Every structure is written in C-alpha cells, then in structure tokens.
Amino acid sequence: MTNFIAERIPISVLTGFLGSGKTTLLSRLLRHPAMSRTAVVINELGEVGLDGALVEAVDEEMVVLDSGCICCTVRGDLVETLGRLREARENGRGPAFERVLVETTGLADPTPILHTLMTDPALAAGYRMDGVITTIDAVLGADQLDRHTQSVKQAALADRLVLTKSDLADPETVQALTARLRSINPAVVPIRVVRGAVDPDALLGAGHPDLASRTADVRAWLNEEAAAQDGHGGHGHDCASGCDHHGPHHGAFRHDDRIASFCLSGDAPMDWADVDEAFGLLLQLHGEQVLRVKGLLDVRGSDRPIVIHGVQHLFSEPAMLAAWPDGMNGTRIVFITHDLPEARVRQVLEPFLPIARGAEPGRRDHGGHPPPPVTTTHPHGEP
Ligand SMILES: Nc1nc2c(ncn2[C@@H]2O[C@H](COP(=O)(O)OP(=O)(O)OP(=O)(O)O)[C@@H](O)[C@H]2O)c(=O)[nH]1
C-alpha cells in the first residue's frame with residue numbers, strides 16, 4: 001500500500017484567483033533544478049493560450065487545455081491528457097517526468113478537479129494527489145475573498161497558501177490577510193513569495209503524509225490544534241448558539257464567514273462499520289458543505305491509526321499509518337465546512353461515533369472487528 005502510494009506520480013494542483021500570480025510562480029518553480037522532470041498541464045479560458053506562452057521551460061512536457069474551464073467542461077480532457085502523458089512516459093516516447101503540476105484557471109472551483117484526480121480509476125492507477133497550492137494576492141486578496149466564493153474555496157482547500165505580491169502591499173494589509181487566511185484554513189501557514197521565488201520543497205509533498213515512516217508529517221498535515229483553537233469558524237463566535245452562518249452578521253457580508261473549521265476528537269476506539277455509516281449519513285446530508293476532512297482514526301481491531309482524507313463527498317482510500325505519532329493516540333478529525341456549523345456535524349456523527357464533547361476516555365481495546373481494508377475508496381462506500 002505504502003509503496004504503491006510512493007510509486008504513483010504525484011500531482012499538485014496550482015490554483016488561485018485571476019491574476020494572483022499562478023503563472024509567475026509556476027514559471028519560477030520550473031526553473032529550479034529540482035523541478036526539471038515536471039509535466040505541466042495548464043488550463044486556460046479563451047482561445048489564446050497566453051499563460052502557455054509565458055511558461056517557457058517545459059515545451060513538450062507541457063499541455064494547454066483551452067477548451068473550457070477545467071472544473072466544468074474539460075475534466076475529461078484532463079483525465080485523457082494525464083493518461084496520454086503517462087502512456088508516453090511508460091513506452092519511452094515521452095518525457096520521463098516525475099511529477100505533474102496542473103494550473104487551473106483563476107475562476108475554477110478546485111473541488112471538481114480534486115474529485116477527478118482523487119477518484120478517477122484510470123488516473124488512480126498511475127497518479128496520486130500531492131496537494132493543492134493556492135496563490136492569494138496580498139493587495140487584492142481580501143477583496144476577492146469578500147466577493148468570490150471560488151476564492152474562499154481555493155483558500156479553504158489549500159495544502160499550501162502562497163501570499164503573492166507582498167512587495168506591493170503595506171505590512172498591515174499583509175498581516176490582516178494572513179490572519180484571515182488562517183481563520184479560513186487554520187492548518188496552513190501562508191508563505192510570502194515575491195515574484196515566484198520559493199524553494200519547491202516548501203510547496204510540494206503537501207497533501208498526503210508519508211505513510212511509511214514520517215509520522216511527524218501526519219501531525220503537521222492534520223494540524224488539529226490550529227483547527228481546534230480556531231474553533232467555530234475562526235471569527236470568534238459560537239455557531240452552536242444558533243447561528244447558521246448565512247447572513248451578514250458581522251456588518252459587511254463576507255464569504256469566509258460561511259467557512260468553519262474545527263476538530264472533533266475521541267479517546268475510545270470506533271468500529272469501522274460505524275465510521276462508514278456516520279460519514280455516509282453526513283455526506284448524504286451535507287456532502288456539498290463539507291469542503292475538507294482530514295482524520296486520524298482509532299479503529300477497533302487495529303493497533304495502528306487509519307488516515308481518512310476527503311474533499312466534499314469523495315474520500316481517497318483510507319490508509320493505515322505505520323504507527324501512532326508520538327503523543328497522539330486517539331481519534332482526531334479536522335473539518336473545513338461551508339455553511340455547516342460544528343454543532344450540526346456533531347449532531348449527525350455523535351449517534352455513531354464516540355466523539356462527544358467530554359466523552360469518557362475509552363479503553364484501547366483492539367480485540368473487536370478487523371480494521372477497514374486500506375484499499376477502500378470511500379469511507380462511506382464499499383469496504
Ligand atoms: N510585484 C509583484 N508582481 C507580481 C508578483 N507575482 C506576480 N506578479 C505580477 O502579477 C501579474 C499577474 O501574475 P500572473 O502570474 O500572470 O497571475 P495568474 O494568476 O497566472 O493570472 P491568470 O492566469 O490571469 O489567472 C503579472 O503582471 C505578474 O508579473 C509578486 O510577487 N510581486
């Protein structure tokens with residue numbers, strides 16, 4: 001399982017609002033020696049492939065999809081293109097690339113793209129999701145977050161947040177935007193990058209922890225402390241007290257007021273069948289509102305933690321970690337949601353799972369049902 005993950009070609013998705021610096025970042029990254037074996041897929045709207053012309057480094061390893069927006073009409077093209085690239089690589093007729101960068105249009109909602117990359121069976125055979133890199137314009141970012149849901153989703157789904165153009169913004173603006181991004185996506189610390197100058201290591205290897213050995217990665221990946229601290233949506237009020245996050249209750253309407261991030265935890269082991277049922281129900285009721293789930297589960301029958309990772313109603317295959325990370329030995333599930341308060345998520349999950357606030361710490365009893373097979377694609381699907 002672990003080797004299988006390691007051998008598949010990692011795909012990073014580069015997203016960010018129009019003009020936020022995606023192409024600048026991409027061009028600069030591709031000049032780095034560590035990125036020499038990178039295939040690039042750029043999605044552009046319109047007939048003139050301008051970004052393609054701007055990114056020079058890659059030539060034959062670059063494909064421009066310009067037949068529409070990647071999140072709507074060209075998902076099939078994306079699958080086909082990636083399939084073709086891999087085939088050419090494998091039969092020696094194409095470049096021997098080691099990773100793929102997909103740049104989306106600035107208006108793309110990244111979730112359908114992630115769905116495709118995470119679940120298309122043809123892609124899953126050869127590729128794995130590495131992570132989502134989102135660029136945010138330090139000058140215009142706050143206004144874009146105010147006005148455009150896509151911009152908030154791009155920030156909420158990021159594994160890496162890149163704050164561009166901080167050379168053009170005053171320090172107060174940068175600080176306020178950084179704090180706002182932390183409230184939208186508490187697990188990720190925004191990195192300031194001027195004109196794309198950044199070490200690729202800071203951006204890659206972001207999405208999926210190294211399951212074989214580096215359990216410390218899991219802690220960083222989950223970063224449940226940040227989500228828990230941030231609590232109820234990161235804007236300092238308690239959704240459990242009846243707020244539904246739909247209205248402009250802080251003065252001006254802001255899309256990120258509708259984003260909540262929180263961590264549910266529990267010390268008692270859970271049955272996989274209950275996990276399956278609980279998430280099945282949650283996603284059936286609120287799949288569109290669950291933007292992201294990352295979890296480390298204590299499952300009865302396994303002395304090792306099970307990692308779950310989902311984007312809206314689709315989850316990548318659960319995987320078993322080599323060991324519990326130091327100091328962590330209970331279930332932790334981090335959520336980023338849209339128009340869905342923590343109280344509601346608890347209400348749906350608590351009848352199935354021991355995650356109640358103030359729950360009695362449970363005995364670690366692994367003698368029950370066996371753990372889930374790690375090849376499952378959906379926690380709420382066929383085991
Ligand atoms: N001063 C400054 N300018 C930047 C920085 N990053 C990008 N730019 C400029 O911002 C403009 C837009 O950058 P692009 O890289 O084309 O942005 P994009 O996100 O690819 O744009 P679209 O493809 O239209 O969505 C260009 O003129 C860049 O030179 C930065 O860190 N500092």
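Colleague: Is Arg180 buried or exposed?

Modeller: First, the cut-offs: buried is under 20% relative accessible area, exposed is over 50%, and partly exposed lies in between (1.4 Å probe, protein chains only). Arg180 has 9% relative accessibility, so it counts as buried. This is a predicted model, where local features need pLDDT of at least 70, side-chain atom pairs count only at pLDDT 80 or more, and totals for chains, interfaces and linings use all residues. Residues are numbered from 1 along each chain as its sequence is written, and side-chain values use heavy atoms, with hydrogens and water left out.

Colleague: Which residue forms a salt bridge with Arg180?

Modeller: A salt bridge is a side-chain nitrogen of Lys or Arg within 4 Å of a carboxyl oxygen of Asp or Glu. Here the partner is Asp146, with the closest N and O atoms 2.7 Å apart. Asp146 lies in helix α7 (residues 141-147) and Arg180 in helix α9, so the pair ties together parts 34 residues apart in sequence. Helices are DSSP runs (H or I, at least four residues), strands likewise (E, at least two), numbered from the N terminus. Asp146 is partly exposed, at 27% relative accessible area.

Colleague: How many salt bridges does the structure hold?

Modeller: It holds 11. Glu342 pairs with Arg346 at 3.1 Å between the closest N and O atoms. These two are 4 residues apart in helix α13 (residues 342-349), about one helical turn. Glu350 is partly exposed, at 32%. Separately, salt bridges link Arg99, Arg128 and Asp130 in a network.

Colleague: Which residues touch the most other members of the largest nonpolar core?

Modeller: In soluble globular proteins, nonpolar side chains tend to be buried together. A nonpolar core is a set of buried Ala, Val, Leu, Ile, Met, Phe, Trp, Tyr and Cys residues joined through side-chain atoms within 4.5 Å. The largest one has 42 residues; Leu82, Val100, Leu114, Leu117, Tyr127 and Leu181 touch the most other members. This core draws at least three residues from each of domain 1 (2-202) and domain 2 (215-349); those bounds come from an automatic or database domain assignment. Apart from it lies another core of 26 residues, including Val293 and Phe315.

Colleague: Where is Leu168 placed?

Modeller: Leu168 sits in the loop between β6 (160-164) and α9 (171-184). Leu168 is exposed, with a relative accessible area of 60%.
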